[in-house]
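Hi everyone, thanks for coming. Let me put the model up on the screen, and then we can walk through how its pieces pack together.

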Amino acid sequence: MSKGIFTGLRLTSLRLRLVVVFALVALTAAVSASGIAYWLNREAVLTRVQDGALNDFRRQMQNRVAGLPLQPSADELRITAEQMAGSGSGYSVLLLGERDAGKPIIGTSDPDRFTLADVPASLREAVDTERPITESNAYPYHLFWQRTQRGGKPYLVGGTRVVGGGATGYMFKSLEAERADLNSLAWSLGIATALALIGSALLAQAAATTVLRPVHRLGEAARRLGEGKLDTRLRVSGTDELAELSRTFNVTAESLQKKVADMSAREEASRRFVADMSHELRTPLTALTAVTEVLEDEQDDLDPMIAPAVALVVSETRRLNDLVENLMEVTRFDAGTARLVLDDVDVADMVTACIDARAWLDAVELDAERGIMARLDPRRLDVILANLIGNALKHGGSPVRVAVRTEDDELIVEVRDHGPGIPAEVLPHVFDRFYKASAQRPRSDGSGLGLSIAMENAHIHGGDITAANSPDGDGAVFVLRLPRDASEIADEEGKDQ
């Protein structure tokens with residue numbers, strides 16, 4: 001039974017909460033009902049037994065004790081007590097009289113069962129107290145009773161005295177049978193409460209299954225929708241709130257599918273436009289580059305008035321050529337056509353070649369031991385290093401320090417400059433495309449794509465790049481992490497093709 005009820009329950013699951021709430025409500029209701037029923041039955045049983053015994057005792061006092069002499073003998077008291085106890089009410093009787101002042105005489109129906117010591121002192125005091133006769137009090141003496149225990153067993157003790165003088169009588173009745181009946185009732189109510197709790201758990205399970213099955217289907221549909229399966233729809237039946245929720249989900253999914261399709265179409269068109277534009281620009285750029293190279297060679301022989309314009313044309317042509325190359329690279333990443341071409345490289349030699357090819361040897365300090373081998377894409381690693389070191393030289397401060405080390409199967413390249421660091425508001429955006437930290441420099445030498453392309457090349461290797469400020473406040477630190485062997489990544493790319 002427990003397996004069926006609690007299968008699949010988690011501490012935070014809605015099913016468990018429903019079962020717990022049902023159980024608590026049922027437990028509260030059952031305990032309350034059982035408690036009220038027990039209390040009512042207990043009072044009814046005790047009151048009935050108590051009233052029956054006390055009323056009978058009162059009649060016996062009126063009929064038998066009232067007829068005794070004012071100073072009865074011990075035998076008269078004993079015989080009367082035995083007669084009163086033998087009336088069938090099931091209580092013992094003790095009669096207390098006086099032969100002379102201060103000389104009490106006691107007669108009891110059963111000396112071994114009931115003696116004067118069994119009568120509470122407070123009850124004796126209440127019985128012996130004479131009350132004044134008033135409009136609201138017609139008798140000087142009344143019948144008093146008290147529930148007490150002896151040896152762990154419950155008893156009813158009552159007492160009164162004859163009006164006008166005479167013996168005082170006390171009755172002593174066991175309530176053990178009534179307690180046994182009440183204990184049986186308590187056990188019955190406890191079993192009923194347990195059955196109600198089990199029944200509520202079963203009902204809660206059934207209700208939870210009925211209610212949560214559509215919720216589970218909705219959750220599964222939402223998960224598939226989140227995984228990109230935009231054609232996911234729910235089967236709708238009924239007119240309740242869950243059916244309305246399913247209809248809303250279907251409408252939302254259909255709208256989302258349409259919007260995603262429109263966005264994908266626009267994105268594809270935009271990507272194709274950028275790719276076509278970059279491709280078309282390469283032919284005129286090739287011609288412009290050839291012309292600018294000729295102009296640059298002849299720059300020293302040009303008119304001083306024309307030389308600055310020629311230098312500007314050469315610089316902007318190179319910048320435009322770099323921008324087109326970067327755009328084509330970004331397009332390849334977006335289209336998913338970028339692939340790794342792996343080779344075994346000495347990382348120290350790679351960093352040295354990157355620095356030397358760009359004439360940065362005087363501005364860069366290299367801390368790398370030769371012999372650190374890695375299986376990576378050399379061209380993409382060169383792009384990463386060139387962008388990180390070039391960014392440090394351009395926006396940081398010399399000297400730029402490049403450190404290479406390994407940790408387990410990971411290659412770590414740290415590029416640190418000695419500039420002012422990166423503002424806190426800029427740090428989250430340093431790898432965003434076309435992002436420039438200074439709004440006053442929209443026409444800076446960079447395109448805003450370098451660090452983004454470096455990050456893409458790191459990701460295609462299965463690595464990452466992080467940017468932070470140096471703990472000592474002196475410059476920024478870029479840390480490149482790549483696997484020393486990207487063969488698994490390249491194999492996965494080959495399977496995806």
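Helices here are DSSP runs of H or I with at least four residues, strands are E runs of at least two, and both are numbered from the N terminus.

Before I go on, a word on the source: this is a predicted model, where local features need pLDDT of at least 70 and side-chain atom pairs count only at pLDDT 80 or more, while totals for chains, interfaces and linings use all residues. Residues are numbered from 1 along each chain as its sequence is written, and side-chain values use heavy atoms, with hydrogens and water left out.

Back to our pair. H8 covers residues 347–357 and H9 covers 378–395; they pack at about 60°, with axes 10 Å apart. For the angles, axes are lines fitted to C-alpha atoms, for helices over the stretch in contact, and the angle runs from 0 to 180 degrees between N-to-C directions. The crossing of H8 and H9 is right-handed, meaning that the near helix is turned clockwise from the far one by less than a right angle.

Which residues of H8 meet H9? They are Met-350, Val-351, Cys-354 and Ile-355, and on the H9 side we find Pro-378, Leu-381, Asp-382, Leu-385, Ala-386 and Ile-389. Contact, by the way, means heavy atoms within 4.5 Å.

H9 has another helix partner. With H10 (residues 450–460) the angle is about 145° and the axes are 9 Å apart, and here the crossing is left-handed. Among the residues making this contact are Ile-384 and Leu-388 of H9 and Ile-453 and Ala-454 of H10. This time the division is eight nonpolar, four polar and one charged.

Now for the sheet. Five strands form an open sheet in the order S7-S9-S10-S12-S11, with mixed pairing; two strands pair if DSSP finds at least two bridges between them. S7 and S11 (464–469) stand at the edges with a single partner strand each, so one side of each has no neighbour in the sheet. On average, neighbouring strands are turned by 15° against each other, direction ignored.

Strand by strand, S7 (residues 364–367) pairs with S9 (residues 400–407) in the parallel sense over four bridges, and Asp-367 has Ala-403 as its bridge partner in S9. S9 and S10 (residues 410–416) are antiparallel over seven bridges, with Val-404 partnered by Val-413. Those two strands form a hairpin with two residues between them, and Asp-408 in the turn has a positive phi of about 55°. S11 and S12 (residues 476–483) pair in the antiparallel sense over six bridges, and Asn-469 stands opposite Ala-476 in S12.

So what packs on this sheet? H9 does, touching S7, S9, S10, S11 and S12, and its direction makes about 175° with that of S12. H10 lies across S11 and S12, at about 135° to S11.

Thanks, and I'm happy to take questions.

Notes. Nonpolar A, V, L, I, M, F, W, Y, C, P; charged D, E, K, R; others polar.
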